Amino acid sequence: MRVDTGDNVGIGGFIITGSAPKHVLVRAIGPSLARNGLTDVLADPVLELHGPGAFVTVTNDNWRDDQEAAIIADGIPPTDDLESAIDATLTPGAYTAIVRGKNDTSGVALVEVYDLDAAALSKLGNISTRAFVNTGIDIVIAGFILGDNGGDDRVIVRGLGPSLGDSGLSNVLGDPTLELRNSD
């Protein structure tokens, strides 16, 4: 997604359902995207994790500055020191990950959430993204990986625009188009 400033930062939301805490890793990836041929990447993403009720917002600028050992132990640390990550065990509820550029910079970035405890009596039940959608190379691309249990699963994938205005958002996409593609 394109991360800009003000109301056009990158936002990823997720919901944890069930009755037990869920161990997750939330990442904000920018500089390493250039290794995959992307240009205009966010040079130094800053990640904020907001949660329900009395949850205290967690912020990370460079993943090695906080929780380095835990993030390495998770097995999927960011590959660039300027990228951000938060290792957390979260109670069921709705969470929001906000990606900003350090010093109000802009560029292309990812916001990701990984379920690190598939056996828990909780589920990563919903993942959503809000970002500024443009044309050409500035479209929004969202990906997901289903669990590795080998069976089929049923999902709903939606591309929302006009109905977001009902929630008080302005400048919503009037007629979104959604494409679903597999890993091929």
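The legends below describe several views of one predicted model.

Residues are numbered from 1 along each chain as its sequence is written. In this predicted model, local features need pLDDT of at least 70 and side-chain atom pairs count only at pLDDT 80 or more, while totals for chains, interfaces and linings use all residues.

**Figure 1. The overall fold of the protein contains 1 helix and 10 strands.** Helices (H or I, at least four residues) and strands (E, at least two) are DSSP runs, numbered from the N terminus. The order along the sequence is β-β-β-β-β-α-β-β-β-β-β. The radius of gyration, taken over C-alpha atoms, is 16 Å, close to the 16 Å that the globule rule gives for 184 residues, so the protein is as compact as a globular protein of that length. That rule is 2.2 Å times the number of residues to the power 0.38. Along its principal axes, the C-alpha trace spans about 40 × 40 × 35 Å.

**Figure 2. Strand β6 comprises residues 84-90 and is mostly covered.** Of its 7 residues, 6 are buried, where buried means under 20% relative accessible area (1.4 Å probe, protein chains only). Across the protein, buried residues make up 34% of the 184 residues.

**Figure 3. Strands β3 and β6 pair in the antiparallel sense.** Strand β3 covers residues 22-29, and its pairing with β6 runs over 7 bridges; two strands pair if DSSP finds at least two bridges between them. A28 has S84, in β6, as its bridge partner. In a regular strand, side chains alternate between the two faces of the sheet.

Notes:
Side-chain values use heavy atoms; hydrogens and water are left out. Buried means under 20% relative accessible area, exposed over 50%, partly exposed in between (1.4 Å probe, protein chains only).
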